[in-house]
Amino acid sequence: MIRASGLTLRRGTKVLLNEAEFVVHPGERVGIVGANGAGKSTLFALLDGRLDADAGNLSIPASWRIASIAQEIDDTDRAALDFVIDGDGRLRRLQADRAAVDAERDGVRLAELEAELFDAGAFTAQARAEQLLAGLGFAESSFGDPVASFSGGWRMRLNLARALMAPSDLLLLDEPTNHLDLDAMLWLERWLAAYPGTVLVISHDTEFLDAVARTILHFDDGKLVRYKGGYQDFLTQRAERLRQNQIAYERQQREAAHLQSFIDRFKAKATKAKQAQSRVKALARMQMLAPVRAASGIDIRIPSPDHMPDPLLSLDAVGAGYGDHPVLRGATLSVRAGARIGILGANGAGKSTLVKTLAGELAPLAGQRKAARGLEVGYFAQHQLDILDPEATPLLHLARIAGDTREQELRNYLGGFGFSGDFATSPVRPMSGGEKARLALALVVWKKPNLLLLDEPSNHLDVDTREALTEALAEFEGTMLLVSHDRHLLRTTVDSFWIVADGVVREFDGDLEDYRDWLAGRHAAAPAQKASDAQPGQAAAPELDRKAQKRLEAEQRQRMSALRKPLETQLRQIEQAMAALEARKQALDADIADPALYDDARKEDCRRVLAEHGDVLKQLGEHEERWLALQEELEGLA
């Protein structure tokens with residue numbers, strides 16, 4: 001297990017953890033939560049050996065293999081598939097040793113290496129890597145593309161695939177969903193459910209935490225407080241804990257006031273001096289509790305628009321894209337006053353292209369964008385973080401667009417977004433990504449837009465800020481279109497959906513559960529869809545050539561076989577392990593049924609048998625969960 005005692009971590013002069021204690025048991029799924037800057041990523045750096053503790057001890061079993069997502073974006077010409085397989089360092093070392101061995105001179109060593117390569121899964125490595133890439137949304141045709149040819153978000157997906165490829169006992173995932181669409185996120189949840197080791201995950205996506213975590217560790221005032229269950233369980237338990245702390249604080253305040261009152265009244269009286277002195281000592285010994293503090297100083301309020309034309313905006317047979325590269329075609333849609341629309345679709349399908357076209361930042365390649373008189377667009381996209389002036393302060397940023405507004409009014413406005421006091425007059429440069437995102441959003445909504453176009457507004461935001469944003473958007477009285485992979489944000493703030501797929505945009509008649517079903521059906525129909533996807537600007541031929549159809553079917557069978565083989569191998573291994581455990585359980589059951597085991601002389605044997613029986617039952621349960629998860633994956637490939 002992982003055990004920390006007296007653990008102290010600092011970043012510069014800031015104390016992140018102060019004599020913290022925590023334990024993580026083998027096989028646990030632990031969500032790490034806390035405000036931006038609390039120390040979550042620093043804790044991961046400590047766990048995987050990139051830095052040392054300032055004080056205290058952190059012990060991890062020496063035999064544990066640790067895998068984590070590299071945060072730097074690699075710029076290499078290595079093929080994506082090979083880059084992912086490189087994540088299995090032991091396999092690559094064995095392959096290098098095998099290539100260096102002269103078969104004629106050292107046949108024994110060659111045989112040893114062949115056996116080690118088999119144990120390391122060398123013959124299923126490519127299929128496993130392809131499965132990871134496919135699950136994370138990469139097209140099969142891109143497996144051979146160089147890493148350098150992918151955008152930053154897709155390279156981070158490659159880093160995630162590489163971490164999942166590495167054999168590990170402890171998996172450290174720092175914001176694994178930041179660059180995933182909903183499809184890839186659901187796949188990752190299923191993959192983690194079948195992972196046999198220990199998982200620690202940092203995420204601000206509360207639905208992802210609920211799906212993955214069974215324990216929460218919360219950064220709370222320099223400590224790590226453990227809560228049982230997922231994120232919603234954490235919220236419930238923490239609220240009760242804060243309530244009890246507040247009750248204890250108020251009780252102690254009353255007791256301290258009573259003691260002080262007695263001291264003040266009788267310290268000058270000789271007859272009461274002894275009692276007064278004893279109360280002075282009692283007051284000094286009292287370990288004063290801190291008052292319960294508000295969890296967040298962020299209270300986002302989006303101003304209501306001054307007017308609301310209807311419709312606000314429409315697209316008439318619009319084609320959208322970049323230069324000679326069309327991404328969307330024939331988009332005919334209308335944005336009505338008061339609409340709250342979520343935009344669904346895989347990464348790369350054209351969601352951001354659509355939003356840019358609606359915002360007027362991208363001119364249509366065909367058709368017409370019609371804006372109502374009085375349309376005021378507030379457009380938030382990730383690139384806006386990059387155009388913030390790093391040397392300017394939040395107050396100066398706002399003053400540049402606020403005309404003659406009084407400084408105090410600007411300060412009051414910024415305070416709602418978490419920029420109070422000296423923070424409002426501090427340069428942007430050292431701010432975290434979440435703080436910059438808050439500032440960019442504050443600037444976007446200052447002008448009271450009647451149409452908000454938000455492209456992944458919650459990326460980089462901590463949980464408290466996401467919740468504040470969710471509440472603000474739910475109360476916003478204008479019109480909103482939202483691109484987000486945050487399911488909680490979508491469920492809470494939008495009323496309807498558009499879907500972007502196969503080069504077209506259409507209204508989607510359903511909710512997120514229906515979208516999940518739509519994705520599953522789309523995957524099942526992928527072979528038949530291949531031909532029509534190949535030429536997005538043209539109609540597909542009505543009937544495939546018979547030979548081409550057979551070739552497509554053969555390729556699909558080969559691909560499915562490659563995906564099924566490692567899963568079937570794992571199933572056989574689990575079934576063998578379960579058979580051995582079941583045999584051992586039967587033997588232990590017989591021992592437990594024997595009255596002689598409970599004789600006084602056999603107390604130690606009794607404890608050992610009962611402990612082993614409990615351990616065997618636990619292992620059987622874990623193996624059964626993995627077996628079921630693998631069966632579900634196989635059924636999904638049927």
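Visitor: Where does Asn 178 lie?

Guide: This is a predicted model, and in it Asn 178 lies in the loop between strand E6 (170–174) and helix H7 (182–194).

Visitor: Is Asn 178 buried or exposed?

Guide: Asn 178 has a relative accessible area of 13%, and because buried means under 20%, Asn 178 counts as buried.

Visitor: And what is Asn 178 in contact with, leaving aside neighbours within four places in sequence?

Guide: With those neighbours left aside, Asn 178 is in contact with Asn 459, His 460, Arg 466 and His 485.

Visitor: Okay, new topic: how many residues of H14 are buried?

Guide: Helix H14 is mostly covered, with 11 of its 13 residues buried, and among them are Gly 434, Glu 435, Arg 438 and Val 445.

Visitor: What should H14 span, at 1.5 Å a residue?

Guide: Helix H14 covers residues 433–445, so at 1.5 Å a residue its 13 residues should span 18 Å, and the end C-alpha atoms are 19 Å apart, which agrees.

Visitor: Now the sheet, please: what is the order of the strands in the open sheet of 6?

Guide: The order is E5-E6-E7-E3-E8-E9, and the pairing in this open sheet is mixed. Strand E5 (66–68) and strand E9 (223–228) stand at the edges with a single partner strand each, so one side of each has no neighbour in the sheet. From one strand to the next, the twist averages 20°.

Visitor: How do E3 and E8 run, and how many bridges join them?

Guide: Strand E3 (residues 29–33) and strand E8 (residues 215–220) run parallel and are joined by 4 bridges, and Val 30 stands opposite Thr 215 in E8. In general, strands of a sheet pair through backbone hydrogen bonds, either parallel or antiparallel.

Visitor: Last one: at roughly what angle do H5 and H6 cross?

Guide: The axes of helix H5 (residues 125–135) and helix H6 (residues 152–165) cross at roughly 140° and come within 10 Å, which makes H5 oblique to H6. The crossing is right-handed, and the contact is made by residues including Ala 125, Arg 128 and Leu 132 of H5 and Leu 158, Ala 161 and Met 165 of H6.

Technical notes: Residues are numbered from 1 along each chain as its sequence is written. This is a predicted model: local features need pLDDT of at least 70, side-chain atom pairs count only at pLDDT 80 or more; totals for chains, interfaces and linings use all residues. Side-chain values use heavy atoms; hydrogens and water are left out. Helices (H or I, at least four residues) and strands (E, at least two) are DSSP runs, numbered from the N terminus. The expected span of a helix is 1.5 Å times one less than its number of residues. Buried means under 20% relative accessible area, exposed over 50%, partly exposed in between (1.4 Å probe, protein chains only). Two strands pair if DSSP finds at least two bridges between them. Axes are lines fitted to C-alpha atoms, for helices over the stretch in contact, and angles run from 0 to 180 degrees between N-to-C directions. Angles under 35 degrees count as roughly parallel, over 145 as roughly antiparallel, 65 to 115 as roughly perpendicular and the rest as oblique. A crossing is left-handed if the near helix is turned anticlockwise from the far one by less than a right angle, and right-handed if clockwise. Contact means heavy atoms within 4.5 Å.
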